Amino acid sequence: MAKAVSKTIYVLNGPNMNLLGTREPKKYGRATLADVEKLCRASAKRFGFEVVFRQSNIEGELVNWIQEAQAERATGLLINPAGYTTTSIAILDALLTCTMPVVEVHVTNIHARESFRQNSYVSKAAKAVIAAM
């Protein structure tokens, strides 16, 4: 018998996201990653979902968590790949195995930034992209 889809949403954050609130606050804002986690958990709870919220500066750890989300039959996966957005084929390959919806999230508008930040590998696997204005 197949495992039922869970009521869990994975929220994964890539490198340097642990510095939110202190790293270039004019660009990234003053909210901390703990603030973001609190908001995600409160929003999910309103709709009856649980959240697995994680951050890593290590590419392979993010890949492992993406695979875990798939194995656990998560309802959805939100990922802010941060610096891996434009560099990680490993993360893209892991996301391409996902059967749940994947949403790419960015604190800034990567399309309005430096040209090297504008080609997202993650977008090739995402159902949607959310980015700041």
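## Strand pairing around strand 4

Two strands are taken as a pair if DSSP finds at least two bridges between them. In this predicted model, strand 4 and strand 5 (residues 128-131) run parallel and are joined by 4 bridges, and Ala-128 in strand 5 is the bridge partner of Val-103. Strand 3 (residues 76-80) also runs parallel to strand 4, the two being joined by 3 bridges, with Leu-77 standing opposite Val-102 in strand 4. Between strand 3 and strand 4 the chain passes through helix 4 (residues 89-96), giving a β-α-β crossover that is right-handed.

Strand 4 itself spans residues 102-106, and because 4 of its 5 residues are buried, this strand is largely enclosed by the rest of the structure.

Ser-56 belongs to the loop between strand 2 (50-55) and helix 3 (59-71). Is this residue buried or exposed? With a relative accessible area of 3%, Ser-56 is buried, since the term applies to values under 20%.

Once the neighbours within four places in sequence are left aside, the residues in contact with Ser-56 are Asn-13, Gly-14, Pro-15, Glu-61, Leu-62 and Trp-65. Gly-14, which is 42 residues from Ser-56 along the chain, has its C-alpha atom separated from that of Ser-56 by 5.4 Å, while the side chain of Glu-61 is joined to the side chain of Ser-56 by a polar contact of 2.6 Å.

Terms used. Residues numbered from 1 in each chain as written. Predicted model: local features only at pLDDT ≥ 70, side-chain atom pairs only at ≥ 80, totals over all residues. Heavy atoms only, no water. Buried < 20%, exposed > 50% of the residue type's maximum accessible area, 1.4 Å probe, protein only. Right-handed = clockwise from strand over helix to strand, strands pointing away. Contact = heavy atoms within 4.5 Å. Polar contact = N/O pair within 3.5 Å; in protein donor to acceptor, adjacent residues only side chain to side chain.
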